[in-house]
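Subject: Structure handover

Hello,

Here is the structure I said I would pass on. Please open it before reading the notes below.

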Amino acid sequence: MISLLDYGAGNVRSLRNAVLKLGYELQDIRAPEDILAAEFILFPGVGSFGSAMQRLHQMGFFAPLQEYLRADRPFLGICIGLQALFEGSDESPGVAGLGIIPGRVRRFDTPGLSVPHMGWNGIRVKHPSPLSEITADEKLYFVHSYRAVPEVVNADWVLAETDYGAPFVSAVGRGRVAAVQFHPEKSGLAGLRLLDHFLRRPGVVAQPGATTRLAKRIIACLDVRANDAGDLVVTKGDQYDVREAGEVRNLGKPVDLARRYYEEGADEITFLNITAFRDFPLADQPMLEVLRRTSEQVFVPLTIGGGIRAFTDGEGRHYSALEVAAEYFASGADKISIGSDAVTTVEQVLAQGGRTGDSAIEQIAHRYGNQAVVISIDPRRVYVTGPEEAPRHQVIPTAIPGPRGEAWCWFQCTVKGGREGRDLDAVTLARVCEQLGAGEILLNSIDRDGTGIGFDLELIQAVRSAVTIPVIASSGAGRVEHFSEVFAATEVEAALAAGIFHRREVPIAAVKAHLRGCGIEVRS
Ligand code: 1PR
């Protein structure tokens, strides 16, 4: 019997699904006395270090949990569940951790490194543990901006290290207490196997591993909307036009396609509810059901976008963007993606010269962590004769001339699925969203969407070099070489495609085999 310590923030649905799939029984810790009565505690800490500690105190869990851990009783912490074992974190100065392991958790600080550390990386095993199960070519899913560092005082706790800039502690353990910085429930079959071993606790002899490298991620994107008959389908546009002979293109059922991409090796799955800008997403129960059913079968990160903003329904009830996002997280999303509302927010910030404090980005990042907030940008090229023609925008020289031979362009943000252009450029949008607390950029291109002619490298480079958070290149992939091209020409952390995967023109495995052949690190 596994007892889950869930204090109600973020996506623990996937962890529940993973534990149940492995055949264990699961119960929730609801009261302080449940802690000392537990046989095995699973603690998937969520949110910031400070909010996690605050919740433990509020619920009366802090002291019994310390007692449980000091008595060396069976425990597995995940992510913040690892960091909480330390004395404190630079993320929340002045807030004490559980203090089981000496040392502090610190922010990644290597210059030039994108933060969060997000994606698939390896582990280097230091001490015998179930982690020795993981082979040198297997990778696990990480997403965090703070990390514990190996120090003399905690050396006897460190089970594994991972390299990102410098080595950090990716797993700890002593006696029957263990914790991992990565998410086993989001790490595909390797993660499920590992979770099973931790829960069964076999003894294995460690083989010290080599340097680890963060993999470039390959993401499958499913644009979802209702067709004219009212069924939710995966569709795909050409430059955002999803209709063919008047009908919405139907490329399959969302859950079936997501499962297929998981089995074929996608590192993440993104759902974009593309017409949610005009409907209220919480009224869209079929979409929430898609997410729930997908998270029962897909054990890699799930992102959902579309319609994340404040909303007042027909009866005058107001819903905050945080409430909308909470429903998505509770239904199985690991990250939410914000499109149109990010544009509105940045316009307000620029108009008033500072943060709004109550934007969806700020609220959701504060509650669920920066890594949970993706900004989806839908830009379109606007050609100009020189920077002086658009003095308020980030104008770049372009090797792809405009219709009148223009050699300069800027990238105009659009809202409502490309239907409306705004007086804001994508570079500025990305920069301001990072300042507001976004953790990742999903960078589409209306010009390239569905064309199969390759990613817009100039756009991607312009945005990538303006921010320090990870960027996902999207739109235009037609061949495996387009993926190696974008990773060679820019520093993006991930590349996303839709049409070529839906139409089975290029399998995900072929993309990865090609990248591996080019010496680019990918997850097997
Ligand atoms: O504005 O917060 O409600 O979010 C709406 C979301 O829906 C945005 O993320 C926006 O990008 C997306 N969206 C809206 N309309 C469309 C459309 O296609 N008509 N889809 C749309 C955007 C673009 C990509 C696509 C890549 C790769 N889809 O995600 O998957 O371009 O395609 P390819 O590999 O076939 O070239 P809000």
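How far apart do the C-alpha centres of domain 1 and domain 2 lie? The two centres are separated by 28 Å. Please keep in mind that this is a predicted model.

**Domains and core**

The protein chain is divided into domain 1, residues 2-200, and domain 2, which is made of 217-375 and 426-517. Between them, 25 residues of domain 1 are in contact with 29 residues of domain 2.

As general background, nonpolar side chains in soluble globular proteins tend to be buried together. Here the largest nonpolar core has 168 residues, and L131, I269, I375 and F483 have the most contacts inside it. Helix α12, residues 426-436, supplies the largest share of this core, with seven residues. Both domain 1 (2-200) and domain 2 (217-375 + 426-517) give residues to the core, so it lies between them. Apart from this core lies another one, of nine residues, including I219, C221, L442 and A498.

I269 can be followed in more detail. If its neighbours within four places in sequence are left aside, I269 is in contact with A220, L222, A258, Y261, Y262, V298, V300, P301, L302 and T303.

**Helices**

Two packed helices are described by the angle between their axes and the distance between the axes. Helix α7 (residues 254-263) packs with helix α8 (residues 285-297) at an angle of about 25 degrees, and their axes are 9 Å apart. Angles under 35 degrees count as roughly parallel, so α7 is roughly parallel to α8. The contact uses P254, V255, A258, R259 and Y262 from α7, and V290, R293, T294 and Q297 from α8. The crossing of α7 and α8 is right-handed.

Helix α11 covers residues 360-368, and its residues A360, I361, E362, I364, A365 and Y368 are buried. What do the buried residues of α11 pack against? Their partners are α9 (321-330), β22 (335-338), α10 (340-352), β23 (373-377) and α12. After α11 comes G369, with a positive phi near 95 degrees.

**Loops and backbone**

The loop between β6 (104-107) and β7 (117-121) holds G112. Is G112 buried or exposed? Its relative accessibility is 87%, and exposed means over 50%, so G112 counts as exposed. G112 and T468 are 356 residues apart along the chain, yet their C-alpha atoms are separated by 7.5 Å.

P116 also lies in the loop between β6 and β7. A cis peptide bond joins V115 and P116, with omega at about 5 degrees.

Most residues other than glycine have a negative phi, and most peptide bonds are trans. Y240 is not a glycine but has a positive phi of about 75 degrees. Y240 sits in the loop between β15 (232-235) and β16 (243-244), and is partly exposed, with a relative accessible area of 25%. S475, also a residue other than glycine, has a positive phi near 85 degrees. S475 is in the loop between β29 (471-474) and α14 (480-489). Buried means under 20% relative accessible area, so S475, at 8%, counts as buried.

Regards

Note on methods
Residues numbered from 1 in each chain as written. Predicted model: local features only at pLDDT ≥ 70, side-chain atom pairs only at ≥ 80, totals over all residues. Heavy atoms only, no water. Core = buried A, V, L, I, M, F, W, Y, C linked by side-chain atoms within 4.5 Å. Buried < 20%, exposed > 50% of the residue type's maximum accessible area, 1.4 Å probe, protein only. Helix = DSSP H or I, 4+ residues; strand = E, 2+ residues; numbered from the N terminus. Domains from an automatic or database assignment. Contact = heavy atoms within 4.5 Å. Axes fitted to C-alpha atoms, helices over the stretch in contact; angles between N-to-C directions. Parallel < 35°, antiparallel > 145°, perpendicular 65-115°, else oblique. Left-handed = near helix turned anticlockwise from the far one by under 90°.
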